[in-house]
Amino acid sequence: MLLRSLKIMTRNRMGFFGFIMVTLIILTAYVAPLFVPLDNSAHVEAIYEAPSRAHPLGTDYQGRDNLSQILNGGRDIIYVSALAAALSALIAVVLGSLAALLGGVFNSLAVSLAEMVLTIPHFPLLIVVAGFLRLTRPTSLALILAAVSWAGLMLAIRSQVLSLKEREYVQAARCLGLPIRHLLFKEILPNMMSYVVISFVLAMTHAMYAQVGLIFLGIIPLASHNWGVMISLAWGQGAIFSKDSSWYLLAPIAVVALLQFSLVSMTRSLDELFNPRLRTGE
Amino acid sequence: MLKSLAVIFVVTTLTFFLVRLMPGNPLDIYINSLLVQGIPLADAQEQAASIYRVDLSKPVLQQYVEYLAGIFLHGDFGMSITAMGTPVSKLVLKFLPWTLFVVLVSLIISFSIGLLLGMLMAYRRETWFDHILSAFASIMSSVPNYLVGMLIVVYFCVRWKLLDFSDLRGSHSPDVPVGFTLRFFLDALYHATLPILTYVVTTIGHWMLVMKSSTLATMGEDYVTVARARGLRDGRITLAYVGRNAVLPLFTQLALSIGSVVGGSILIETIFTYQGIGQQLNLAMISRDYPVMQGVFIIITASVVTANLLADLLYSRLDPRIRVQGR
């Protein structure tokens with residue numbers, strides 16, 4: 001089963017490349033900290049060193065090793081992005097399908113709310129809310145990120161459910177008197193799984209964009225070490241101005257950009273995996 | 001129209017209550033900071049009231065109504081805390097045009113070039129031209145724009161020295177007089193080079209990919225086959241039959257794109273120290289200048305909502321189906 005899924009995913013080369021990279025980056029972000037501890041002490045004699053055997057990605061403005069910061073800096077970013085995406089997908093699926101199935105006042109209220117959230121520019125809203133709330137915990141950050149990003153997916157899910165619920169097999173289940181829970185989870189949801197999963201992955205990229213952006217602007221306190229903090233410090237400390245020091249900025253930029261691109265490419269393979277109709281010539 | 005007004009109203013309400021009902025309410029903090037300086041309570045309250053445009057002795061609901069009336073009837077957003085005595089509305093009027101200028105110019109450039117390339121990709125599909133541009137487009141539309149902005153600074157300005165970063169700072173040169181002259185316009189454009197380049201590079205991929213698939217879908221339509229059967233020239237079919245119809249769905253996305261570009265301007269303008277509304281929001285954030293934050297946020301929302309309305313109007317003008325329905 002697992003092997004077969006993998007084989008289906010290899011059909012789209014770009015997608016499979018994305019899948020491999022995402023797996024590698026996430027695994028490294030969680031496993032590497034166990035083997036490469038973060039050394040936070042300053043080494044004045046080794047400030048902004050060019051890449052060498054001891055420091056493959058050079059050192060930062062305090063002489064700390066860039067590679068170990070990169071290896072240790074992904075966990076929080078990935079955790080917050082994934083949690084935010086999962087929450088926003090959850091809100092979207094629950095609200096969207098309820099709006100479609102219940103209709104009436106609930107439907108119109110939910111749709112107006114979603115349209116409103118969709119119109120307010122997300123990033124400024126995040127800045128203002130994060131500014132007033134002074135977020136410090138990763139989980140509360142994920143909650144806020146989810147709160148502004150569910151609307152588009154919710155509207156899409158609502159219209160999918162609206163069309164799916166008129167299909168014969170759903171009508172048949174309804175005639176059998178099966179409860180709404182069964183209709184939703186057994187009949188309707190499996191048929192839009194590909195859409196939900198892909199939206200989850202894309203929501204992760206949006207959450208990462210916003211999260212790293214907020215860290216860069218210094219709106220989230222720079223307590224923990226992660227890629228966003230590296231970018232923010234590197235930019236603030238003027239690491240751009242020489243070739244040796246710019247590694248401190250370029251390394252986290254490269255990782256974030258690679259992860260974002262891989263996530264987006266991965267959706268192509270996921271589409272093949274969850275959408276059997278795309279699998280032609282089998 | 002009603003919906004747009006509702007959005008602005010909700011955002012205004014949200015910012016009012018965010019300031020007042022939060023733990024660590026900025027109004028109290030401001031009053032306390034004045035008390036520490038030895039200013040008596042009554043004077044401190046009066047000063048805070050004049051800055052936030054609220055009368056603290058009145059009940060919250062009445063404050064709220066007066067706050068709304070101030071904004072919607074007089075365009076009065078209160079005073080800036082850091083720039084003493086400067087009304088927020090004046091700051092907004094000073095910085096907003098620069099952001100709108102950059103966003104509009106970049107959107108026009110990236111939309112038109114993106115459409116052109118997207119159509120070419122559809123007509124040359126499965127050639128090296130299509131493959132290279134598709135790869136470029138999917139990479140560019142997935143990498144965050146502020147990271148691209150930083151890379152542009154590192155490579156174009158520092159390593160290769162193609163552009164002078166410090167000379168490009170700001171929104172216009174101090175020695176060029178402000179006015180409707182060609183010299184001023186070119187100077188403004190020169191200073192906006194980096195933000196425009198960043199926005200164009202990061203948004204163009206999206207337009208290319210969407211236009212490609214939209215063109216491919218339109219090429220299979222019956223009316224295109226009919227046009228071909230009638231023996232019309234290829235150029236005419238491409239422009240009048242395929243092109244015109246393929247572009248239509250893209251206009252609905254234009255509005256969404258304006259929203260995300262204006263939203264991202266906070267990061268881009270901060271990176272390039274471009275003096276627009278986004279940089280102002282960030283500066284207000286750093287100095288905890290809440291009246292400015294409120295005002296700028298409301299104005300950003302209002303401009304995005306207006307852009308949405310304009311895009312809707314444009315779309316209904318362009319699409320005869322909607323135009324006829326509306327009558």
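The model is predicted, and every value given below is computed from it.

**Where chain A meets chain B**

The contact between the chains involves 38 residues of chain A and 44 residues of chain B. The size of an interface is often given as the accessible area lost when the parts come together. For chain A and chain B this area is about 3800 Å², and carbon and sulfur atoms give 81% of it. On the side of chain A, A:Phe132, A:Tyr209 and A:Trp235 supply 18% of the area that this chain buries against chain B, which is more than any other three residues supply.

Polar pairing across this interface can be counted too: there are 3 residue pairs in polar contact between chain A and chain B, counting pairs with both residues at pLDDT 80 or more, while the rule for salt bridges finds 0 across the interface. The elements of chain A that give two or more residues to the side touching chain B are α5 (104-119), α6 (122-133), α11 (193-217), α12 (227-236) and α13 (247-274). Sorted by class, that side of chain A has 29 nonpolar, 5 polar and 4 charged residues.

**The two domains of chain A**

Chain A is itself divided into domain 1, made of the stretches 1-34, 64-74 and 226-282, and domain 2, which covers 81-222. Their centres, taken over C-alpha atoms, are separated by 24 Å. Across the boundary within chain A, 17 residues of domain 1 are in contact with 14 residues of domain 2, and the two domains of chain A bury about 1500 Å² between them, with 81% of it on carbon and sulfur atoms. A:Gln260, A:Leu263 and A:Phe274 supply 30% of the area that domain 1 of chain A buries against domain 2, more than any other three residues.

The table sets out the values for the two interfaces.

| Interface | Buried area | Residue pairs in polar contact (both at pLDDT 80 or more) | Salt bridges |
|---|---|---|---|
| Domain 1 of chain A and domain 2 of chain A | about 1500 Å² | 2 pairs | 0 salt bridges |

On the side of domain 1 of chain A that touches domain 2, the elements giving two or more residues are α12 and α13 of chain A, and α13(A) gives the most, with 9 residues. By class, this side of domain 1 of chain A has 10 nonpolar, 6 polar and 1 charged residues.

**A residue in helix α13**

Helix α13 of chain A also holds A:Ser262. Is A:Ser262 buried or exposed? A:Ser262 has a relative accessible area of 0%, and therefore counts as buried, since the cut-off for a buried residue is under 20% relative accessible area. Leaving aside residues up to four places away in sequence, A:Ser262 touches A:Gly18, A:Met21 and A:Val22.

**Chain B as a whole**

The secondary structure of chain B comes to 15 helices and 0 strands. Along the principal axes, the C-alpha atoms of chain B fill a box of roughly 85 × 55 × 40 Å. Chain B has 327 residues, of which 50% count as buried. Among the contacts in chain B with a separation of 6 or more, 70% are accounted for by residues 24 or more positions apart.

Conventions: Residues numbered from 1 in each chain as written. Chains lettered and ligands numbered in written order. Predicted model: local features only at pLDDT ≥ 70, side-chain atom pairs only at ≥ 80, totals over all residues. Heavy atoms only, no water. Contact = heavy atoms within 4.5 Å. Buried area = accessible area lost by both parts, 1.4 Å probe. Salt bridge = Lys/Arg side-chain N within 4 Å of Asp/Glu carboxyl O. Polar contact = N/O pair within 3.5 Å; in protein donor to acceptor, adjacent residues only side chain to side chain. Helix = DSSP H or I, 4+ residues; strand = E, 2+ residues; numbered from the N terminus. Nonpolar A, V, L, I, M, F, W, Y, C, P; charged D, E, K, R; others polar. Domains from an automatic or database assignment. Buried < 20%, exposed > 50% of the residue type's maximum accessible area, 1.4 Å probe, protein only.
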